[in-house]
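I wanted a quick, friendly tour of this chain before doing anything else with it. Here is my notebook from that look.

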Amino acid sequence: MTVSWRYFCGTDIMPETAPPTPSTKMSHTQFKIRLRKFFCDTKSCSKRIFAQCLPKIVRRYQRKTTRLETVLKQILWEVGASAAATIAKLLGLLLSHDAILYQFNNAPQPCTAQTSPRELGIDDFAFRKGKTYGTILIDLKTSTPVDLLPDREKMTVEKWLREHPGAKIVSRDRSAVYAEAIREGAPEATSVADRFHLVKNLMETLQEQMSKESKAIREVLLPQVPSMVDDGPVCLTRRQKQARALSRQNRFERWQQVHALFKEGYAKKEIARMMNLDTQTVRNYLLAETFQERQRTSPANGPLTPFKDYLLKRWQEGCQNAYQLWREAQYRTKNTGNFYRMKGTALV
């Protein structure tokens with residue numbers, strides 16, 4: 001094989017400057033570079049041309065210098081792709097956010113360390129919410145991501161911990177899968193629950209207990225005031241009573257069916273899909289150990305609560321003109337209220 005070479009003189013416009021615009025007042029910058037190209041004279045050679053590279057100035061097959069790539073990558077990390085494109089335009093760099101993302105995705109990734117940080121955080125994240133989830137590992141001391149795992153399975157997390165030893169404290173959520181993976185993958189590390197999930201666990205427990213005693217709590221916190229109690233129960237028609245009874249029966253049957261399916265081993269999302277219910281409704285049914293009756297109570301306080309005694313008194317005296325009652329209430333206070341809302345309250 002014989003190889004010959006000759007000089008190749010070319011010009012290139014580096015994208016560190018932009019064409020002149022009224023806002024930037026910048027001009028082209030040209031670099032005349034004298035490079036060598038090697039040509040193989042053997043026709044059967046797969047590489048006929050060998051070009052001289054400039055690794056310290058620009059990477060192969062790129063139209064941006066390494067210095068510019070570093071600046072764009074730093075801006076991208078700080079503000080994101082869209083904002084980075086706006087900042088680049090102000091600097092005279094005509095780049096779109098897609099171009100910046102493409103540049104970042106194709107950049108060579110630095111070699112990652114084979115050891116885990118001393119303080120490691122593990123949590124899941126959604127590639128597609130409700131469908132596909134992965135695992136993110138974060139260095140808690142520097143608050144920087146360490147690695148992303150394609151799923152949140154026990155074997156995946158355990159394998160990563162075995163390949164990257166060195167973690168002394170591992171913060172996780174309440175997942176039993178992560179807890180078991182930490183025990184087997186990093187037995188020398190101390191597994192702790194992070195503050196966010198501890199507070200969330202406390203709030204969910206309090207909410208569950210308070211929902212069971214909602215009726216008693218409502219009676220204590222919202223005592224009945226004589227002036228706000230109706231004269232008697234509202235009389236319902238036969239059709240209304242039948243509709244309420246049918247609605248209650250349907251809710252009771254759904255509550256029973258949800259508990260039955262959950263005992264058979266179905267997941268909450270599967271139950272919601274099978275019964276055409278919202279996932280939160282299924283959770284509420286499972287949290288209630290007994291069937292919860294609907295609380296049909298009027299709001300304790302409203303915009304017309306200060307006027308209710310006066311309005312009822314005037315209504316019983318014979319003044320049943322809603323607009324007149326509204327003007328009298330407006331005179332008694334600076335709060336003007338609403339005529340139609342006052343009309344509905346006065347007719348109670």
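The entries below go from the whole chain to its pocket, then to some strands and loops.

**Entry 1: ground rules.** I am working with a predicted model, in which local features need pLDDT of at least 70, side-chain atom pairs count only at pLDDT 80 or more, and totals for chains, interfaces and linings use all residues. Residues are numbered from 1 along each chain as its sequence is written, and side-chain values use heavy atoms, with hydrogens and water left out.

**Entry 2: the whole chain.** I looked up the secondary structure and found 13 helices and 8 strands. Helices (H or I, at least four residues) and strands (E, at least two) are DSSP runs, numbered from the N terminus. The chain has 348 residues, and 23% of them count as buried; that label means under 20% relative accessible area, while exposed means over 50% and partly exposed is in between (1.4 Å probe, protein chains only). Among contacts (heavy atoms within 4.5 Å) with a separation of 6 or more, 45% are between residues 24 or more positions apart.

**Entry 3: the largest pocket.** How many residues line the largest pocket? I get 36, with Glu 204, Lys 268, Thr 279, Gln 280 and Arg 283 nearest its centre. Its volume is about 1400 Å³. For the record, a pocket is an open set of points on a 1 Å grid over the protein atoms alone, where a 1.4 Å probe fits, with protein on both sides within 12 Å along at least five of seven lines; lining residues have an atom within 4 Å of a point. The volume is the space filled by probe spheres set on the points.

Which element gives the largest share of the lining? That is α6, with 8 residues. At least two lining residues each come from β4 (119-128), α5 (176-185), α6 (195-212), α8 (238-263), α9 (268-275) and α10 (279-287). By type, I count 16 charged, 11 nonpolar and 9 polar residues in the lining. Here Asp, Glu, Lys and Arg are charged, Ala, Val, Leu, Ile, Met, Phe, Trp, Tyr, Cys and Pro are nonpolar, and the others, Gly among them, are polar.

**Entry 4: around β4.** The hairpin of β4 and β5 has 3 residues between the strands, and Gly 130 takes a positive phi near 85°.

**Entry 5: on to β6.** β5 also pairs with β6 (residues 144-149), antiparallel over 5 bridges. Ile 138 stands opposite Pro 145, and Asp 139 has Thr 144 as its bridge partner.

Entry 6: Ser 143 is not a glycine, yet has a positive phi of about 60°. I find Ser 143 in the loop between β5 and β6, exposed at 58% relative accessibility. Asn 276, also not a glycine, has a positive phi of about 60°. Buried or exposed, I asked of Asn 276? Asn 276 is exposed, at 70% relative accessibility, and sits in the loop between α9 and α10.

Notes: Two strands pair if DSSP finds at least two bridges between them.
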